[in-house]
Amino acid sequence: MSFSRRQFVKGAMLAGAAAASPFYINKALAASKELRIYAWAGYITDEMLADFKEKTGINATFTPYGTNDELMNSLRATDGTGFDIIMPTVDRVPGYVDFDLVQPLDTSRIKWNGCLDSAMSGSEVGGVVDGKRYFAPSDWGTEAISFHTEYAKVDPKNLSYGDLWNPEHDSGVAVRGHSALVGIGLWLEQQGKLPHPLLDSYKNEKAMRANFDVILKTAVKHKGMIAQFWSTENEAQGAFRTNGAVIGQTWDSTAFNLMKEGEPIAYRAPKEGALAWMEGFVIPKNANNVDAVYEFINWYYTPEAGAMFVESTGYNSTSKGADALLPEATKKFFQESYTEQDLKNLWWWPIQEPWYVALRNEYQDRYLSA
């Protein structure tokens, strides 16, 4: 099927540019060059690359990164050159626009009917800047509480970010520096211990510093309980496998992958709200193969491609129909991790503008070095 499709493209071009539609010209140009994908580690598998090539005739390579900051720093160092497609979280997109590192999408070239409507509407804040859409939603997930079902001292039905700091978890906690501060902030906010609403921290520096001074003090007080700080998925899993963690604030994929290996790990949303994020496809301003990018996005917006992504990562695809193709174990993980109320209570990461990221990193450094 894919071979005859490519042959048709070549035949259309040989018949003369006047007779060939722009659609097929673009597909042929895309197939003549390699698509360079820069995405989170573990997001693009050999199976996915092979399926994409089979369906489109396009060769693609995958280069992994581990954090949003690594992605941003790489693009700033090359002025948006070197890759054709990236996958930042939606809250960081305005920063890429501010630094002139990305280009608007040609929305007419994307088959949006393959993307969940809720993801489209949910990505308007951050993904659309000055009336132009830069972001095609690909997946969403959460950061909440992973815990060892035998050794962690928690009530799964009444979890809190504060449960991380139960004295019985001494030397057994795994957290990511900057997001642990936010989790502590949500815990303190519910107790009325912050000087400003936590969301005000994302609006101006004065409120951010006032809140994070209080948060940092609490974080440092409990720092001795930490078994490991993590910053990438592999590090988070390693904290439980080899470094003695029994509870942690991690991504859902951490628990999902550990459970697949038979580890007695569960994942639940705390009452303050699981930290929720959305990622998507964005085109760097100096992408070399834009035609192939649109082929990749449209390939992804099929149930089969979306299901391959979920099976690889444990995250939730925005491709319509992907959920129906998932193994029972994957469906069970989602159902056990979130109640209907948990899904209503998600705490979506606000837009993180460059000034906020700089201050956030300052407080994280102070936390790590304390």
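**Core and salt bridges: a quick tour**

Let's start with L35. Setting aside neighbours within four places in sequence, L35 is in contact with F52, I58, N59, A60, T61, D84, I85, N289, A292, V293 and F296. Keep in mind that this is a predicted model.

Where does L35 sit? It belongs to the largest nonpolar core, which has 113 residues. L35, W165 and V182 have the most contacts inside that core. In soluble globular proteins, nonpolar side chains tend to be buried together.

Now to charges. How many salt bridges does the structure hold? There are 17. I'll show you three.

Take K55 and D51. They form a salt bridge, with the closest N and O atoms 3.1 Å apart. Both sit in helix α3, residues 46-56. They are four residues apart, so about one helical turn separates them. D51 counts as buried, at 15% relative accessibility. K55 is partly exposed, at 35%.

Next, K320 and D117. Here the closest N and O atoms of the salt bridge are 3.7 Å apart. K320 lies in the loop between β14 and α14, while D117 is in helix α6. Therefore this pair ties together parts that are 203 residues apart in sequence. D117 counts as exposed, at 55% relative accessibility. K320 is partly exposed, at 33%.

Third, K332 and E336. Their closest N and O atoms are 3.9 Å apart in this salt bridge. Again, about one helical turn separates the two, because they are four residues apart in helix α14. K332 is partly exposed, at 48%. E336 is partly exposed too, at 39%.

One last item. Salt bridges with shared partners join E205, R209, E362 and R366 into one network.

Terms used: Residues are numbered from 1 along each chain as its sequence is written. This is a predicted model: local features need pLDDT of at least 70, side-chain atom pairs count only at pLDDT 80 or more; totals for chains, interfaces and linings use all residues. Side-chain values use heavy atoms; hydrogens and water are left out. A nonpolar core is a set of buried Ala, Val, Leu, Ile, Met, Phe, Trp, Tyr and Cys residues joined through side-chain atoms within 4.5 Å. Buried means under 20% relative accessible area, exposed over 50%, partly exposed in between (1.4 Å probe, protein chains only). Contact means heavy atoms within 4.5 Å. A salt bridge is a side-chain nitrogen of Lys or Arg within 4 Å of a carboxyl oxygen of Asp or Glu.
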